[in-house]
Each structure stands twice: as C-alpha cells, then as structure tokens.
Amino acid sequence: MKTKAAILTEIDTDWKIDEIELGDPVFGEVQVRLAASGLCHSDAHVANGSSPVAMLPVVGGHEGAGVVTKVGPGVVDLEEGDHVVLAFIPACGTCPSCARGLQNLCDKGAGLLTGQAISDGTYRVTKDGAPVVQMCLLGTFAPYVTVHQASVVKIEKDIPLQVAALLGCGVSTGWGSATEIGDTRAGDTVVIAGIGGVGINSVQGAAYAGACHVVAIDPVEGKRKIALDCGATHTFSSMEEALPQLGELTWGTMANTVILTMGEIKGEYIQQALSLTGKGGQVIVTAMGPYDQVATDLNLFELTLLQKRVQGAIFGGIGPRTQIPKLLNLYRSGALKLEELVTTTYRLEDINQGYKDMADGKNLRGVVVYGDEDY
C-alpha cells in the first residue's frame, strides 16, 4: 500500500513528508494502523547524525500505538482489531538475552538502525523501488506500519491509544530507570537530571517507589513545575545549583541514585552526577550522546574509595512485555500520570514544528496524532 511518512533524506535537514510504499506482512509480522506517535529525542539524534543509521532515507519514529489491520502467517496471540503498543526494543522471548530475563537487550535489537526486517532481512518500506530504513524497525512517523510481532505488545482496549503510545519508549524507559535499574527504595534520595519525556517518568517512578527526596533538575522552569506535580520534592536549574543544597537536604549523605535523562548527554556530566552521589551510590546513564563520544570526566579516586557505580540503562532495564502491562495497571489505578505528559499534539505535517518546540524547551512530550478515526 502507499502511505505518507516523515522521512529524513539527509543529515541535518528537516523531516520531509513524502509518499512511501509499505509492504504487506510476511511470516511473523503484522500491519498496524497507528493512532499516535510520540516525538522522542532519539529521532533528533538520528536527524543530526549522532545516532547513525545504516543508510538514508529513514522513516523516523519509534514510539507508537494503534490497531492491528493485517496479520501475516506464523503470528501468535495477535489478530485484526487488537490494540497494541509498539516497543522500540523487540522481545523475541527465545534468544540468550531474553532467556536470561533481559528482554530489553533482546538479540533481535541488533538491527534497530539497519531497517532490515527481523523476519527475512529485507525491507518493508520502499520509495521508488529503493529500500527505506524504519527507525527501530518501526518507523512510526507514518500512519501505517508493518512490523515484526517481537516489537508488538497487545493491550486492553480501555486504554486511550494516544497516551498508550508513550509506553513504547519514554514512560517505560524513565520509570524503569528509577525503579528497576535504579532499584529505588523507601527513604532514598533520588536525583533526576533532565526533565523531558523520559526524565519526568523517572520522577514518577522514584516517587511511587517511596523515595524521601525526589530532586528534579532542568533549566526550563515550566518543566520543573510539572515535575513537582508528578512527585518531585525539590527542583533546581542545574547540577551545580543542586550540589550545595543537596548536601544540606541530606545532612551530607547526598543521593543514593542520580539518573541522567537529559536530551543529549556530554562527557562532563558523569563527574557532575557522581559529585551528587553518596557513598555506595550510583549514577544511571539513560540519556544518549553521539555514538563516537568516548571521553568523559571521571574521578577514579572517588569512584574506588567511595564505592560508587556508573550504570547504563536501556528501556528502563526491563522488557516491554513485562513493563508495559504493569505500567498500564498503574495508570488505571491513578498511580501513573499519562495525559498530563502530553504538552502538544501535532499533525504529521507539523512534525518539524514539534521538534523545534522540543529544542526550545516548550514540550514535555509532543505527540503526532493520526486523523480523527474512531479507535
């Protein structure tokens, strides 16, 4: 079928709305009509070249939810009409990583930026007969996608799809960074640096887990205010500003966990975060930076003698098939805010304005909404 999509044809250029050809599902795949797609900073990393894709053009987008419209052979537990969330990390359930309980590190994720379908290594999206990469094997900046069942999580139909889309990346990643990788305990002090679509959910997760102090850091005043509404107890505009105040707040013990969730991480942020961390504490690195950045500031003396840790995190350290249903139950109970996270909705044709708003600090999470259909 032919459909429109926001594609990137050159690095450091705007997303372009163009027509693409979308292939039907083959073995193990389904086609999904999307209701919405979140605008995540990771797609901005692709646009500026800091996250390299195998080739251009690429259909952006990796945070979406919708309704299954076609089912290929060999698909289990999915049928037409099902409501689903698309997870940016596939979870096959059988590879060594999945077998160890690390669905978020599923071996099928090795091809996320290649565009080559999990099922057969070919491409589901083409333009003028040439292959087009689907971001994270999804490409949710298009109203229809054909994806592998490993990337699809079925949800119950009472959840609004526009907010369910956020669980495909930002909500799950942020919440799990605080609760799973961060292992926040009652009475802990947790610092979150960077209050965007991921960081705001680290705030929610830390508060839900019972942290005594939930400290949100962001230069944008409006984001700090939203953080207070979502469970933060204190806010600061920078890690430098927070440092002396955190010492007073904790009687010198500092934070158990510092979570870095800013839009783009830089090497100097690691030591700044370690300075906010107490003895035996940890820095969780959830934010992404340029693929070729290897230099970082790190005081090895402090790292060793104070037994601190620096820990990477992807998808919040837990698999989509476990995390997404759990978070939807928390949403139903009122323990997880979702509607409040969506600052602005856009048409696909306005996607560049959405990313400009993100860069200008106007959005917590922008969402592209597809049409007025009854979902």
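This is a predicted model: local features need pLDDT of at least 70, side-chain atom pairs count only at pLDDT 80 or more; totals for chains, interfaces and linings use all residues.
To see how one member is surrounded, take Leu338: once its neighbours within four places in sequence are left aside, Leu338 is in contact with Val163, Leu166, Leu167, Val171 and Tyr331.

From the nonpolar residues we can turn to the charged ones. Side chains of opposite charge can pair when their charged atoms come close. In one of them, Lys70 pairs with Asp24, and the closest N and O atoms are 2.8 Å apart. This pair links distant parts of the chain, since Lys70 belongs to strand β5 (residues 64-71), while Asp24 sits in the loop between β2 (16-22) and β3 (29-39), 46 residues apart. Lys70 counts as partly exposed because its relative accessibility is 32%, and Asp24, with a relative accessible area of 42%, is partly exposed as well.

Another salt bridge joins the side chains of Glu302 and Lys308, with 2.5 Å from N to O, and here both residues are buried. A further one is formed by the side chains of Asp350 and Arg347, at 3.3 Å from N to O. Asp350 has a relative accessible area of 29% and is therefore partly exposed. Asp350 and Arg347 also belong to a network of salt bridges, in which they are linked with Lys4 and Glu349.

Rolling a probe the size of a water molecule over the atoms shows where empty space is left. The second largest pocket holds about 160 Å³ of space, and the residues that line it are Asp12, Thr13, Asp14, Trp15, Ala44, Ala47, Asn48, Asn352, Tyr355 and Lys356. Two elements give two or more residues to this lining, namely helix α1 (41-48) and helix α11 (351-359). Sorted by class, the lining of this pocket has four nonpolar, three polar and three charged residues.

Finally, the backbone itself deserves a careful look. Most residues other than glycine have a negative phi, and most peptide bonds are trans. Against this background, the bond joining Leu56 and Pro57 stands out as a cis peptide bond, with omega at about 5°; Pro57 lies in the loop between α1 and β4 (58-59). Asp183, a residue other than glycine, has a positive phi near 50°, and it is found in the loop between α4 (170-181) and β11 (189-193). With a relative accessibility of 36%, Asp183 counts as partly exposed.

Phe315 is found in the loop between β16 (309-312) and α10. Its relative accessible area is 0%, so Phe315 is buried.

Notes. Residues are numbered from 1 along each chain as its sequence is written. Side-chain values use heavy atoms; hydrogens and water are left out. Contact means heavy atoms within 4.5 Å. A salt bridge is a side-chain nitrogen of Lys or Arg within 4 Å of a carboxyl oxygen of Asp or Glu. Helices (H or I, at least four residues) and strands (E, at least two) are DSSP runs, numbered from the N terminus. Buried means under 20% relative accessible area, exposed over 50%, partly exposed in between (1.4 Å probe, protein chains only). On a 1 Å grid over the protein atoms alone, a cavity is a set of points where a 1.4 Å probe fits but cannot get out, and a pocket is an open set with protein on both sides within 12 Å along at least five of seven lines; lining residues have an atom within 4 Å of a point. Grid points are joined across faces, edges and corners, and a volume is the space filled by probe spheres set on the points. Ala, Val, Leu, Ile, Met, Phe, Trp, Tyr, Cys and Pro count as nonpolar, Asp, Glu, Lys and Arg as charged, and the others, Gly among them, as polar.
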